[in-house]
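Reader: I would like to know what the labels on this structure rest on. Please show it, then take the terms one by one.

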Amino acid sequence: RMQKRAGFGAFCSSSSGCIGCSECGGDGGGGVACGTEACVCEYTTDDLLRFLRARGGNVEAAVELCRAERAWRAKYSPSPDTPRAPLADPALTVDVEALRALLASEKAVVGGADRNGNGSIFVKAALHDKRELGERRVTLHTQLGVILVERALRVSRSGQLVLVMDMRGFGWRQADLAVARRIVFLLSTAYPERLAACYLLDAWLPFRAFWAALSQLIDARSREKVHFVGSVRHIFEGEASEKTTGDSALQAATISAIPAHFDPGA
């Protein structure tokens, strides 16, 4: 139905199972995207199912999300290893040195895969300061987010990832709604249905007030993936806790997935 509603052609003969579209003659260009903004030749059946799940089975909304993701990817051309300037908009340049400094700060790092095969990203909220980097802050953190998600998906065997955020030390300097909104956009539009779960560690006041505002920007399906937990140990050893929700999901993680600088006993 998505193919028909979007005007796509039949499946092409490539091994990747790409979907042809009216922009490239319906054959997907032999498995390679034709390069037009409307083309979705590189998408597999699993990709299209992700878009459908993200939009609750609504075909029209899933098609629009598919187009939005395709347009975003064509514009930003994300690479997991080498930061590079976007192809379509020369004005959105990459400050390579600043981005390297963000990566070196280890405020956010990629861990291993959990027992469900999900890749993992670990974030230390206390290392963020919204007063730093000036007007480049949102753009740089967007690029950082793309690099981390792409790397985590390379580790992932399931095609999804888990996000673990240590909220200890969260205060006014960390209450960065602009960056938070951009990350929500990345996970909802650029990487729909890639997030398996998000764990917020020791997320007490004042984060709860910040969450009250941020949660309004997140759809109900995604909010159900957010779990407030008491410690890293409760996640990676699966211990019971009154402050832990989503216990079955928490059991899926393993100690080996934790980066070395993340203390599992904290």
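Author: Start with burial: a residue is called buried when its relative accessible area is under 20%. In this predicted model, helix α6 has as its buried residues Val179, Ala180, Val184, Leu186, Leu187, Thr189 and Ala190.

Reader: What makes Cys198 buried or exposed?

Author: Its relative accessible area is 7%, and the cut-off for buried is under 20%, so Cys198 counts as buried. Cys66 is buried as well, with a value of 0%.

Reader: Why are the buried residues of α2 said to line one face?

Author: In α2, residues 45–54, the buried ones are Asp47, Leu48, Arg50, Phe51 and Ala54. Viewed down the helix axis they fall within an arc of 150°, so they line one face. In general, an α-helix has 3.6 residues a turn, so residues three or four places apart point the same way. After α2 comes Gly56, with a positive phi near 60°.

Reader: What makes a set of residues a nonpolar core, and which members of the largest one touch the most others?

Author: The members must be buried residues of the nonpolar kinds, joined through side-chain atoms within 4.5 Å. The largest such core has 37 residues, and Leu200 and Phe207 touch the most other members. Elements supplying at least two residues each include α4, β4, β5 and α7, while α5 gives the most, eight. Beyond its neighbours within four places in sequence, Phe207 is in contact with Met167, Phe170, Leu200 and Phe228. A second, separate core has eight residues, among them Val109, Phe122, Val164 and Tyr199.

Reader: Where is confidence lowest and where is it highest?

Author: Strand β1, residues 8–11, is lowest with a mean pLDDT of 40, and helix α7, residues 207–214, is highest at 92. The protein averages 73, and 63% of residues score at least 70. Over residues 22–33 pLDDT stays under 50, although the model has 31 contacts there beyond four places in sequence. Residues 238–253 are also below 50, with 34 contacts beyond near neighbours in sequence.

Notes:
Residues numbered from 1 in each chain as written. Predicted model: local features only at pLDDT ≥ 70, side-chain atom pairs only at ≥ 80, totals over all residues. Heavy atoms only, no water. pLDDT = per-residue confidence, 0-100. Helix = DSSP H or I, 4+ residues; strand = E, 2+ residues; numbered from the N terminus. Contact = heavy atoms within 4.5 Å. Buried < 20%, exposed > 50% of the residue type's maximum accessible area, 1.4 Å probe, protein only. Arc of directions from axis to C-beta.
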